[in-house]
Amino acid sequence: TTNLFMTGLAFFYFFVLFTVLVVIILKTVFDLCAKKGWIGPEKFLEFRNGWLTVVKGILFRIVLIGFPQICILCFWEFTQADSPAEIVLAAVFSAGMIATLTWGACKVIRIARRSIAMHRNPAYILFSDPQTLNKWGFLYIQFRASAYYFIAPVLCYTVIKAMLVSFGQNNGTAQA
């Protein structure tokens, strides 16, 4: 038999590693091509200089995309208790992802409040600063500028929904 939790976790982990490797390979190839003169030295300069910010932004996006699935699998593993090591993995991954996205949401809210204090508009720093947009934009880009904070209720809703799905496996009425 297969273990759904470990399979899902392994796929997520390998997808993250694969994505980081692709970005590192692209940066190396672009640097090599610029050094050899195959492309102009100004081509992809922003990516080559700020590739760490790009990697962080990509990793945050992957965490946000995989957040519902990993939460469901981790919380479900608490009910299955296949092994103590898997419970530790479930606790670490769920706590890590929740902490990471909570920290990102708090960072966006702090940036927006600073923008309101300085420019009387949350959109000024959130949408005009390329580093902020590349690193944190995935958390607020789908909302109006004035609703920058709405990522916090969305993340809470996702955790509650994952808990209902995971812990309510034996109660179809509660899940419905």
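Predicted model: local features only at pLDDT ≥ 70, side-chain atom pairs only at ≥ 80, totals over all residues.

Trainee: Which residues of α7 are buried?

Mentor: Ile151, Leu155, Thr158, Val159, Ala162 and Ser166. Buried means under 20% relative accessible area, with a 1.4 Å probe and protein chains only. Helices are DSSP runs of H or I, at least four residues, numbered from the N terminus.

Trainee: Where do they sit around the axis of α7?

Mentor: They fall within an arc of 95°, so they line one face of the helix. The arc is that of the directions from the helix axis to the C-beta atoms.

Trainee: And what do they pack against?

Mentor: α3 (51-80), α4 (84-119) and α6 (130-140). Contact means heavy atoms within 4.5 Å.

Trainee: Switching to α3. Where does it bend?

Mentor: At Phe67, by about 55°. That is the angle between axes fitted to the seven residues ending there and the seven starting there. Pro68, a proline, follows within four residues.

Trainee: What does Phe67 touch?

Mentor: Met97, Ile98, Leu101, Leu155, Thr158 and Val159, not counting residues up to four places away in sequence.

Trainee: How many residues are in the largest nonpolar core?

Mentor: 34, and Phe67 is among those with the most contacts inside it. Such a core is a set of buried Ala, Val, Leu, Ile, Met, Phe, Trp, Tyr and Cys residues joined through side-chain atoms within 4.5 Å. Its largest share, nine residues, comes from α3.

Technical notes. Residues numbered from 1 in each chain as written. Heavy atoms only, no water. Buried < 20%, exposed > 50% of the residue type's maximum accessible area, 1.4 Å probe, protein only. Helix = DSSP H or I, 4+ residues; strand = E, 2+ residues; numbered from the N terminus.
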